[in-house]
Amino acid sequence: MNYDEQDVPLLPGPTDRQQKQPQKRSKLLTVCPFILGNEFCERLAYYGLATNFVTYLTHIMGVDAATAAIEVMVFEGTCYVTPLLGAYLADSHWGRYKTILVFSSIYLVGMVCLALTSWLPGLTPGPYDDPSLLQNALLFGSLGVIALGTGGIKPNVSAFGADQFDEKDPQDKREKERFFNWFYLAINVGSLIACTAIVYVQDAISWSLGFALPAAAMASAVLLFLAGSANYRHVAPTESPMARVVKVVAAALKNRWRSKRAPEDSSQHKVLAPGSSDEADGSLHRALYYQHMYGSDAPAAAAAAANTLGGSSSRRNGDSYVARRRGSSGGGSTAASSSYRWLEDAITEWQTSQGHMVVAEAVGGGGGSSAGHGGQSGGHLGGYTPQQVEEVKLVLRLLPVFFTTVLYWTIYAMMGTMFIQQGSLMDNRVSLPGTNVVLRIPAATMALFNTGAIILLVPLYDAVFEPALKRCGVRWTLLRRIGWGMVIAVLAMVYAAAVEAWRLDIFRGMPDSGDSGSGDSSDSAAVGYGPAVVPLSIMWQAPAYVLIGASEVLASIAQLEFFYDQAPDVMRSCSMALQLLSTAVGSYLGGGLVAAVAALSVAAGAPWLPKDLNLGHLDWFLLLCGGLMAANSLLFVLVANNYEYKTVEHVVLVQVADDEEAPDALGRPPLPRPPVPRPPTRPQGSAIAINSSAARRSQYHYAAVGNDDDSALYGRSLAFVPTSPALPAPFR
């Protein structure tokens, strides 16, 4: 085709599509304020309750230090377990909108009930009284409802915000990054107000008002979320990747058990292939199985099995039934793994070299030719391909790292329990330099040093520390980063133990130190009783909070990145679930550790964690925590040295605009191209955008690297980690 130079304009004008396309509304300004407002209010409500709750238990409910710590850790651990339920319901059944709305309503009921337990007469014990069975039942019933409610919000709100943007649209892509910056700002502002204003109201004014304000914030969160209902873009639920892991493991165990019970018969399995004969079925199954297990080095049994097909009708169409592993030489995204091979018993589907699916089923199993994923095929559970089983293997490979990082979250839980109880027995008066102004800092407000350390250290780490290590030639892996974070956590415990030993020495030198209840404390004065406050400034606790924050920058964030990076896209929900589960198990383990130490020390006649910590040995307990963390760090080093990093290809979107094509060698505009058939916009198992008008208008092409039919599920709940500043651990 020749160009007529006179017909080529000097400046190309806008295309018809650009002229007709109306100006698009900003989703960041029209839709996201409802989601951001919901998250701000919900985080304000949660931290308004959780930050200072250990003080409520010791000073209002009258429980001892050990019991208060156990109850707080169990509550926080449950708040990290229920998100697994919320993510499953959102992914598989309800969708994110309904899940958030239902669980937010449950959350609100729990907050209102908690506020009522602190306000209505007779629902809190009097001074020096133990709580009754009814009082405990109402309190912990309210906490249980709150923990259930937060489970539907924590894993879904950020992903629901991401659902509102279409990655194919340039404006949406830019606004999505800005949304997460505002999202994190909303979380931090909500937690800041909770740690300062709400905690002050609880300590200095009224606990009833201090719990009523978070309840009002939660009511505002529900109303704001409902107000934007007409503008939301929804994603239809599909199969939850977490459910797939459970189904694959169950199918492998069941099929393995059935194979052991079945008689040793080479024909106990048959393969349902196009045109295959029964005589070749058992041999073909073994050939496919061995080739899947051993690749090109299949034993002679595989070759012999393949030869039995030489004259059979299975080759009538010229199709060679040799199983091709998606993800190895077949070009898939997941390479074969030599670990957890027992999971391969769940495989009942193979893909042939010609793209056909070969399905195995047991003889006498009922005659069905195939089953969907997770169903049964002739008595054999499964319906899973080698690719899907390999994806589950990659998740299970993370379990050793998971188990050796659990104790870190036990140490982290001490910051919200033992640190606060220690601070409540220290002098909380702080004078502003150069003035006569004296501020009283509640013990729970000291957590701001942890948050501030993270906000300052994250950019410092990214801009200075990590580049310096690279320039020095240090091989800085994610597991090494986690290990050094654990070392800093050990230092934090040792420092806190040293401060406590100093505080106890001062207390023992005070007159009338045997009468601990005679001290002067702003916390104790609010209720008229409590242990004595030692004249040691609470600011000596600040380095311990900063050290915990530094350990989070290394260990917490690196653990999140490690689980995210070492799992395939379709299984990222499961790897994020491991992150949440490790926090939950760590909290539960912390409660068990406190209970064990309290019981054993009482049995020995020298209680470490009595009701009055001035008469105990909190310093020994903190030192014990540091020793356990040090031992766990050594175990983690062994796991890390034996761990083999696996290169997992992830979906990468490459944007090439039609309007941005380069001119030819003569500087002329590119020739019009014929329409190119696009791939299906709804692959099997992918998330489906219900309101996809923006996607239909988009004229951008996307190339997916290492993509397969199920990779669109990487956007499921718990799985999306945007490129934004990392959050402190409890803000995830």
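Asp 505 and Arg 508 sit three residues apart in helix 18, so about one helical turn separates them. Helices here are DSSP runs of H or I with at least four residues, numbered from the N terminus. The two side chains form a salt bridge at 3.6 Å, N to O, the criterion being a side-chain nitrogen of Lys or Arg within 4 Å of a carboxyl oxygen of Asp or Glu. Asp 505 is exposed at 53% relative accessible area, while Arg 508 is partly exposed at 45%. The cut-offs are under 20% for buried, over 50% for exposed and partly exposed in between, with a 1.4 Å probe and protein chains only.

A word on the source: this is a predicted model, in which local features need pLDDT of at least 70 and side-chain atom pairs count only at pLDDT 80 or more, whereas totals for chains, interfaces and linings use all residues. Residues are numbered from 1 along each chain as its sequence is written, and side-chain values use heavy atoms, leaving out hydrogens and water.

Helix 18, residues 478-508, also holds Arg 503 and Glu 500, three residues apart. Their closest N and O atoms are 2.8 Å apart, in a salt bridge. Are these two buried or exposed? Arg 503 is buried at 0%, and Glu 500 is buried at 0%.

Elsewhere, Glu 42 bridges to Arg 43 at 2.7 Å. Glu 42 is buried at 1% and Arg 43 is buried at 2%. The whole structure has seven salt bridges.

Now the helix pair. Helix 5 passes helix 6 within 8 Å, axis to axis, at roughly 135 degrees.

Definitions and conventions. Axes fitted to C-alpha atoms, helices over the stretch in contact; angles between N-to-C directions. Helix = DSSP H or I, 4+ residues; strand = E, 2+ residues; numbered from the N terminus.
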